[in-house]
Amino acid sequence: MIIDNVYVYTPDKKFVKGGIILKGEQIQAVYEAKDTPKFEEEVFDGNGAYAIPGLIDLHFHGCKGDDFCDGTKEAIGRIAEYEASIGVTAIAPATMTLPVEELEHILEVAAEYKKENTDKRRADLLGINMEGPFISPAKKGAQDERNIIPCNVEICEQFLKASDGLVKFIGIAPEESGEAIDFIKAVKDKVNVSLAHTNADYETAKAAFEAGANHAVHLYNAMPPFSHRAPGVVGAVYDCKHVMPEIICDGIHIHPATVRATFEMMGADRMILISDSMRATGMPDGQYTLGGLDVKVVGKLATLVSDGAIAGSATNLMDCMRTVVKEMGIPLETAVACATMNPAKSLGVYEEYGSITEGKKANIVLLDKDLELQAVIKDGVRL
């Protein structure tokens, strides 16, 4: 396939007028308009659209009525098909805080799905982001407190084995266990350790990052506030430049001014846009569940029925990217990198995903000038 007459998003975060040559499931070449070759095969006219890499959501729970923790291959397939249809062509769904045995089953099912799935209409399952169960009751948010346990190396190893290596992130609240630093040192070479649903102060969080933790789950949410005398986890993330923080930009979780300030403070090279979407995404308003808890959804706002706490989002990653550009003032060139390149690097798959580069997967999304979806190409095939 030849995609011509588009503004191609380049690895140096610019848009250049030109086109893309696809061969099978890979990108064969990228060219500028001034160097347009003569084609003997059919050309897809992009009509001046933006051509960006397929988005990668490395933290979300579900959509269209399904949740990753439903623990069935059918649910994962439907989730992956919806995500691809809206331009999210690769995913790393998140687990909730559930009993260990139930989590192991969910991970085993995901591993089986990964081995069996060949459907190009579905987003690629690149990994799993374990948000629990090693978290803090004080910052549980929409997680079920009954299933929270201290971080444990043996249990972590069970998760890695059950998922056949698919678990890419394991979240912990380092203040909840005197063994947290030892835990991080024991597993950091096998899985990315993130700080998640944690009440850690600055010193505790910084010690965890210095021990090898390298990721922060939905910055600002489910962690202490960033203040002038107690900078908390946010301050520790700033000071530890190897840490890549997730951020939810659905217009509900974080004020636009805070989003802008955070991009300036942290630097766009390590910010990762996530959706944190739950099963109500793409569905009508109503009552749903998340991690076994009842959730009320009205518009983009999802809250626990029990106490009104925000319970994930009802917004997909493509809409989050639009929101961060159109309503929060983040440049499109920056937003695209934070939804493609940065998550690919965090997942360790940048050699195959995350940019429109010769030899990489032919997962490409075309957007018009209003950032509305024009086409999705998955593995070289237009969906």
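**Note on helix H5 and the cysteines**

1. In this predicted model, helix H5 spans residues 202-211, and its buried residues include Tyr202, Ala205, Ala208, Phe209 and Ala211. Residues three or four places apart on an α-helix point the same way, because the helix has 3.6 residues a turn.

2. Two packed helices are described by the angle between their axes and the distance between the axes. For H4 and H5, the axes come within 9 Å and cross at roughly 25 degrees. Angles under 35 degrees count as roughly parallel, and H4 and H5 are therefore roughly parallel to each other. The crossing of H4 past H5 is right-handed.

3. Ile181, Ile184 and Lys185 of H4 make this contact with Ala207, Ala208 and Ala211 of H5. By class, the contact residues comprise five nonpolar, one charged and no polar. Ala208 and Ala211 are also among the buried residues of H5.

4. Turning to the cysteines, a search of the whole structure returns zero disulfides. For cysteine 156, which is in no disulfide, the nearest cysteine sulfur belongs to cysteine 151 and lies 9.2 Å away. Cysteine 156 is buried, with a relative accessible area of 1%.

5. Cysteine 249 is likewise in no disulfide; the sulfur of cysteine 320, the nearest cysteine sulfur, is 6.9 Å away. Cysteine 249 has a relative accessible area of 0% and is buried.

Key:
Residues numbered from 1 in each chain as written. Predicted model: local features only at pLDDT ≥ 70, side-chain atom pairs only at ≥ 80, totals over all residues. Heavy atoms only, no water. Disulfide = S-S within 2.5 Å. Buried < 20%, exposed > 50% of the residue type's maximum accessible area, 1.4 Å probe, protein only. Helix = DSSP H or I, 4+ residues; strand = E, 2+ residues; numbered from the N terminus. Axes fitted to C-alpha atoms, helices over the stretch in contact; angles between N-to-C directions. Parallel < 35°, antiparallel > 145°, perpendicular 65-115°, else oblique. Left-handed = near helix turned anticlockwise from the far one by under 90°. Contact = heavy atoms within 4.5 Å. Nonpolar A, V, L, I, M, F, W, Y, C, P; charged D, E, K, R; others polar.
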